Amino acid sequence: MALWKLLLACLHQVDALDNGLGLLPQMGYNTWNDFECEGVSAKNISKVADKMVELGLPALGYEYLIIDDCWADHRGKDGKLVPDRNAFPHGMKHVADYVHSKGLKFGIYMDRGRWTCAGRPGSQGYEEVDAKTFVSWGADYVKTDSCNGPDSLEDPPSAAAIAQYQLFRDALNATGRPVFLALSGWHNWYSPYGESLANSWRIGYDVRNWQSAWNFAIRVNGFLSDFGGPGRWNDPDMLVGSSSKTAVQMTPQQSRTQFSLWSVMAAPLLLGSMLSMGHHDLETYTNTEVIAVDQDPLGIQGEIVWENCPLRKRTNIKQSQFYDEIPACQQVWARPITDGFAIVLLNLDAEKPANVSFAVSDVCWSSQAFVGKPCNFFEEASVRDLWRKEHLGIRKFINVTLARDGASQMFKIKPIIPQAPHTSAKKKTPASTATGHRPKSRHREPVSSHFSVALETDAVHFLQQPDEL
Ligand code: GLA
């Protein structure tokens with residue numbers, strides 16, 4: 001066995017993060033897309049907290065207010081991180097207390113390396129001190145970034161990166177305070193290890209527009225659903241929105257699509273703009289029916305059940321920094337939820353609208369809920385449009401015309417189960433769009449066994465191979 005495999009196998013013996021948190025994907029707000037390093041201050045955090053309450057967001061589940069990079073100035077003589085004194089004149093506990101007084105939870109950013117991505121002091125060698133400091137401030141959530149640490153890029157999966165994340169995880173565990181831990185390593189190779197390290201883990205680089213949403217999230221996350229579940233979530237990064245004052249922007253329809261897709265992916269819902277949020281984005285982020293999909297207690301991450309996009313394999317997406325043009329094609333994503341399925345039909349074609357027709361029975365192609373059952377178990381379903389908020393009656397097919405450039409529609413379907421289930425093997429009803437393909441139906445392991453077999457899964461193995469594109 002190669003040395004690194006042995007090392008990782010040993011590392012796996014260490015206790016996992018056990019804070020009982022994150023049974024549903026986290027929801028809240030993060031300062032990075034809004035402020036980057038300009039304006040991360042106590043004053044603005046108070047404004048954000050006030051705005052979140054004014055908009056009624058905490059009641060919808062948006063509970064964390066997370067301060068991202070650029071708050072730390074230096075380390076004091078006692079080794080503790082000192083916040084920028086101009087921006088946080090009364091220290092960080094004061095800010096956390098204000099956030100808590102508004103009924104919100106307080107989140108803070110750190111980096112496992114020597115410096116953060118924006119060049120502020122990192123936590124390498126100070127894991128214990130920093131964990132205690134954050135807890136003394138009343139932190140409920142920590143985002144741990146991956147810049148300037150032992151490398152994770154050249155030899156993934158990086159035992160050094162994993163060991164370093166474990167140090168901070170253990171330091172946090174030792175404090176005794178349940179703190180949500182969000183790992184930000186920007187690579188899909190973290191997914192098989194994520195469960196032992198954190199409550200959520202980033203699967204790619206920053207999503208800042210539609211192109212990066214495709215590249216670092218949409219084309220990647222469909223392969224990672226086995227690793228997500230209650231307490232452990234794949235994180236395709238923050239919600240971008242269409243009303244930010246910075247260059248981090250999507251069109252209104254792409255931003256709505258991002259919200260729908262993220263909900264079907266059981267992804268964290270972290271808002272990236274607040275003070276400048278426009279009406280359209282607010283309407284998007286407060287759609288309780290879509291939020292309910294994201295927060296469905298089954299916690300099953302959705303998958304692509306039909307597409308006519310060029311075939312990708314996990315081998316093709318191993319490098320999350322590889323920049324892939326958005327293909328001119330369509331996809332259908334589905335997620336089993338407590339009372340049926342949520343479905344998103346998506347047009348990635350930047351130039352042309354598209355008609356998509358989808359047989360409702362096709363949702364069972366990759367659904368855990370239907371493993372071992374014939375795929376024609378049901379043929380009809382009661383269909384609800386989650387954006388128009390309309391019941392569409394009982395349907396065999398969903399036919400839609402999708403505008404170009406990232407438009408989508410989202411439905412919830414409740415299968416109509418025949419009284420006497422079919423016993424004869426009927427031919428599967430095909431989706432009526434002729435040129436598409438479905439992913440192979442896969443047998444799934446029980447979720448709890450994923451980690452123990454992680455070293456043998458192709459999710460890890462393929463990452464060792466040269467690019468097969
Ligand atoms: C990385 C992360 C971002 C943000 C910045 C801060 O790029 O991926 O989400 O935290 O660092 O510097």
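Predicted model: local features only at pLDDT ≥ 70, side-chain atom pairs only at ≥ 80, totals over all residues.
Strand β7, residues 180-183, and strand β8, residues 200-202, pair in the parallel sense over two bridges. Strands here are DSSP runs of E of at least two residues, helices are runs of H or I of at least four residues, and both are numbered from the N terminus.

Residues are numbered from 1 along each chain as its sequence is written, and side-chain values use heavy atoms, with hydrogens and water left out.

Now the whole sheet. Strands of a sheet pair through backbone hydrogen bonds, either parallel or antiparallel. In this model eight strands make an open sheet with parallel pairing, and the order is β9-β8-β7-β6-β5-β2-β1-β10. β9 (233-235) and β10 (269-271) are at the edges with a single partner strand each, so one side of each has no neighbour in the sheet. From one strand to the next the twist averages 25°, with angles taken between N-to-C directions of lines fitted to C-alpha atoms, on a scale from 0 to 180 degrees.

Next, the ligand. Which residues are around the ligand? They are W32, D68, D69, Y109, C117, A118, K143, D145, S184, W186, R202 and D206, where the criterion is a heavy atom within 4 Å. By class, that shell has five nonpolar, one polar and six charged residues; Asp, Glu, Lys and Arg count as charged, Ala, Val, Leu, Ile, Met, Phe, Trp, Tyr, Cys and Pro as nonpolar, and the others, Gly among them, as polar.

The ligand taken alone exposes 310 Å², and the protein buries 93% of that, by the Shrake-Rupley method with a 1.4 Å probe.

Last, two loop residues. N148, in the loop between β6 (141-145) and α7 (159-175), has a positive phi of about 55° and is not a glycine. D237, in the loop between β9 and α10 (252-264), is also not a glycine, and its phi is near 85°. Are they buried or exposed? N148 is partly exposed, at 40% relative accessibility, and D237 is buried, at 4%. Buried means under 20% relative accessible area, exposed over 50%, and partly exposed in between, with a 1.4 Å probe and protein chains only.

Notes:
Pairing = 2+ DSSP bridges.
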